[in-house]
Amino acid sequence: MISSFARSSGAGRSTVRSSLLRRQLPRLPAAYQRNNCFATIATLEKSYPIGSQIHGFTVTETKSVPEFELLAVHLKHDATGAEHLHLARNDDNNVFSIAFKTNPPDATGVPHILEHTTLCGSEKYQVRDPFFKMLNRSLANFMNAMTASDYTFYPFATTNQVDFANLRDVYLDATLHPLLRPLDFTQEGWRLEHADPRNPETPLQFKGVVYNEMKGQMSDTSYLYYIRFQESIYPSLNNSGGDPAKITDLTYEQLRDFHAKNYHPSNAKLFTYGNFPLEDHLSHIDGVFSSFTRRVPDDQVKYPIALNENVQVVEEGPVDPLSDPERQYKTSLTWFMGPTKDAYETLCLKTVTSLLIDGHSSPLYQALIESDLGTEYSPNTGLDSASPVNIFSVGAQGVTKENVEKVQQTIREVIQKTYEDGLDLKRVEAFLQQAELSRKHTVANFGMQLLYGLTAGWFNGVSPVDMLEWDSIIERFREDLQKPRFLESYLERFLLDDKPVFSFTMVPSESYGEKLAKDEEERLAQRVARLGETEKKEVYELGLELLEKQEEAEDLSSLPTLYVKDIPREIKRAELEFDKVGGGEGVSVQWRVAPTNGLTYVRARISLQDLPQELLPYLPLFSEALTNLGTSTRTMASLEDEIKLKTGGIGAGVQVRAEPDDIDSWSVSLAVSGYSVDKNVGELLRLMSVLLLETNFENHEKLRTLIRGLASGSADAIASNGHAYARNAAAAVLTPASYLDEKLGGIEQVRLMNELDGYADDALPLISAKLREIARLAISGRSDGLRIAITCGADAVQANAAEAAKFVSGLPGAGEQQTVRTTSGKSANALDGFVVRSGNGVVRKFYEMPFQVTYAGACVRGVPYTHEDSAALQILANMLTHKHLHSEIREKGGAYGGGASYNGVGGVFGYYSYRDPNPANTLRVTEEAGRWAVEKQWSERDLEEAKLSVFQGVDAPQSVDSEGMALFNHGITDDMRQARREKLLGVGAGEVRDAAERYLVGGHERRSVALLGASQDWVSQQGGWEVVSASAAAAGAGAAASAGETGASEAVAM
């Protein structure tokens, strides 16, 4: 897969996207603390003196890192020069990775396609796809392969030592001894093939998994903006993922040559983490490397352009049909801020740039977003410290043509004014407090986070051991902060006094999509025109050969495996306690008392069950408003600064759940959560109360900014996760909870936000009134709908209980006799908008979107979590994915992904495809999947593999703050979990077939389908499809806005 960007943000809507592909260096993650662990690590350090030799490796550096309770051992392989970093830590969740420097020679995507084809069989494991086959022969909680801009890495994580050894062997053989068969290249990369491979009369097409993956990626305008920006500022680094227009230039011989050049131990960096012995790792790796000799690695570090003068670049991009047609421009400015090798300098730069752009109080957020110059930051905004040069970019999207120049001028003026006025040192302290809390916060995937954080810099020549420094760097930073204008000096050095700047703007083109399609048609026509009759016959025969290979039964006996007997029979139980706090009947509190490294985690759930139906769609906006609007006496900037200074953050959202024993019973609640050090819990709860009780919903300026931000980039949000949107849309007619999920978090919610964004400003009071009413009914009316969960150490329980009681007593109505709230209109309990269908035929919905590929979802109704058939449906979904759908949808159909899933909590069985060029094939395959499963003669090995795969998720490591949340969030008791575990372990082939017959075949008439993508000639209303255009929501926005409060609610509530 291609490594994608992640969002990082503060408490507010000042969302900053880290960049695509290249920027893999997040802030160092939270430590996974173990009591009395470091004494063992300190003793272990003596075992690895510098210069000592272990199984063909020489220790080059050893360092204790007490702040993360680990020992870092850096080694070099004597024979090949391969580097190995081992992080010894008392953590059961062990991690392995092998990575190679893979500077792309062009934009054909050869590093990306090679990443795929290495996993299609190796000398030792000569099966068609050992990587995917190992997904259900292992208990790994993480397995993947990823292509970044200039390196490719293959990581996994598991708690089982036998499993670790198995996967390590598969990964090493796959990368160093892949078969790289021509058919694998044509399947994973690209090929010419008939639309129907069995029919030479059907037209020829470009096909290939990576080809279609990247067509889908290019449909994401944020990705497109970033990759075009990257190509302009970093021309020495070609597009490693591949440009679809160039992918079809790649040859099989070039693929093999690229592997021979780059996938060699001399060009490799290995990473291990956890409590498995280093000696075992080195012994095995040395054995694998024994057949290789040292050679000069291709470790050239690529640099961006020499920015000696101002550079201006303008590129065309697509129009987002879900956004305001007048606000389709994206623009940014970029500066270089020195090399990244100095970890201390990079920390200083991260602090300075964060103060400029992060949060409501940041000057650039206020000047660009709150001013409404843009709806959101540009996709490249932030400090890129994963390249050899620190690259700082800031800009805006959702900009009008007239304001492009103004955005750029504003950025310059704000930075100059910030330098003159000085940076706020209170915000610096908040930044450091957040970093310290993040370090103390426990996470289950700490090893993986370290791998992500270290790899990019390591390949750019930064010492991975130096990057683990923390305490000494912070101590130095605090000392330097005492110097006059210390941080401001960085602004002067790198951003002011006419320093060269790189300007990048993407302008909308109505014909952009048509040009892409036309270009593909022309490239295809040229290819076909060059084919003689002999070559056409070869193309046809190649398609048949590939099809035959894909359908060929395989002997998987060479692959290592775990067994069901390796799965523990008993669940891990977290001891919970329950009591009441507050006056009157009190509020229920669930306690999880465990070591938390001095932190307390608080979650509150407020029932919204009797909320009027017309207000339900506004709940996501309401929850966002709580952390974005401020109060009548305090700005959100001021509140956010205090939240960052005293807590680890406060968040709010909406939770919908189906009851574990009845999928037609459901609940909806407001979820508020946060954490802090134990001594600040009183402040945490006080700030929660301020947000809940004092939010100023009349702040129309901030409300407009919030709505614009939520609506911005809607098409991109769907493009990046289209299969989930399609599946949710399909499930919406099957259960009440699924209906609400779609209304509150699916395409319907996206359409609502875009509709609200289209309202005139004089309609904002109508929206405010709805939010006020939700607050009145949900928060200000009573406290009896409130539940609280607290996770903390034993020494903090008494003080936390007192603070929780104070929090409850401050809520309106606390301690008073409660009465049921009265509301106008029908309550959510009735949920009149949802009607369970009973055999009225298949529901088909097609959402027209500006994508080059399609996303499909199809669903049937299942059973509750506690039902005896729930486990069989879970196993059935896994078996269909691995034994049938992966081959039919991905390998044959060319989609990037496809399969089946079963939501055991929600009771919905779903099929999906991702970046799919052939949705008609996907729908046919999924329609027939139930019958296929009934007629399939399932073996014991099939069942064994499915259970192993299912338990990867069931038994994935949990952080301490997640313990007990199955009960608090979903009502699932430990006894329910144990009973379902026993059912999962005991499912037999007969039960799987019965479940397929009863729910997939028998429930076929109640099947619901949703597709997202460009229009298809076989989709029409006459064919039973409901077709929804991308601009449907915007069309009625003006009428709805002018219809008054009632009209507006009717227009969006449906």
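Which residues of the largest nonpolar core touch the most other members? To find out, select Leu75, Phe96, Ile98, Met143, Tyr154, Trp190 and Leu270, which have the most contacts with other members of this 81-residue core. A nonpolar core is a set of buried Ala, Val, Leu, Ile, Met, Phe, Trp, Tyr and Cys residues joined through side-chain atoms within 4.5 Å; buried means under 20% relative accessible area, exposed over 50%, and partly exposed in between, with a 1.4 Å probe and protein chains only. Apart from this core lies another, of 78 residues, including Tyr151, Ala386, Leu423 and Tyr490.

The model is predicted: local features need pLDDT of at least 70 and side-chain atom pairs pLDDT 80 or more, while totals for chains, interfaces and linings use all residues. Residues are numbered from 1 along each chain as its sequence is written, and side-chain values use heavy atoms, without hydrogens and water.

Next, select Trp190. Among the residues that Trp190 touches are Phe206, Lys207, Ile247 and Arg527 (contact means heavy atoms within 4.5 Å), leaving aside residues up to four places away in sequence.

Move on to Ala195, in the loop between strand 11 (191-194) and strand 12 (204-207). Strands (E, at least two residues) and helices (H or I, at least four) are DSSP runs, numbered from the N terminus. Ala195 is partly exposed, with a relative accessible area of 28%.

Now show the open sheet of six strands, in the order 28-29-27-30-26-31 with mixed pairing. Two strands pair if DSSP finds at least two bridges between them. Strand 28 (897-903) and strand 31 (1025-1028) are the edges, each pairing on one side only. Inspect strand 27 (residues 854-861) and strand 29 (residues 908-916): they run antiparallel and are joined by seven bridges. Here Gly857 stands opposite Tyr912.

Finally, select Phe846 and Trp1025, an edge-to-face aromatic pair with 6.4 Å between centres and 80° between planes. Rings of Phe, Tyr and Trp (its six-membered ring) pair if their centres lie within 6.5 Å; planes under 30 degrees apart count as stacked, over 60 as edge-to-face and the rest as tilted. Phe846 lies in strand 26 (residues 843-848) and Trp1025 in strand 31, so the pair ties together parts 179 residues apart in sequence. Both residues, Phe846 and Trp1025, are buried.
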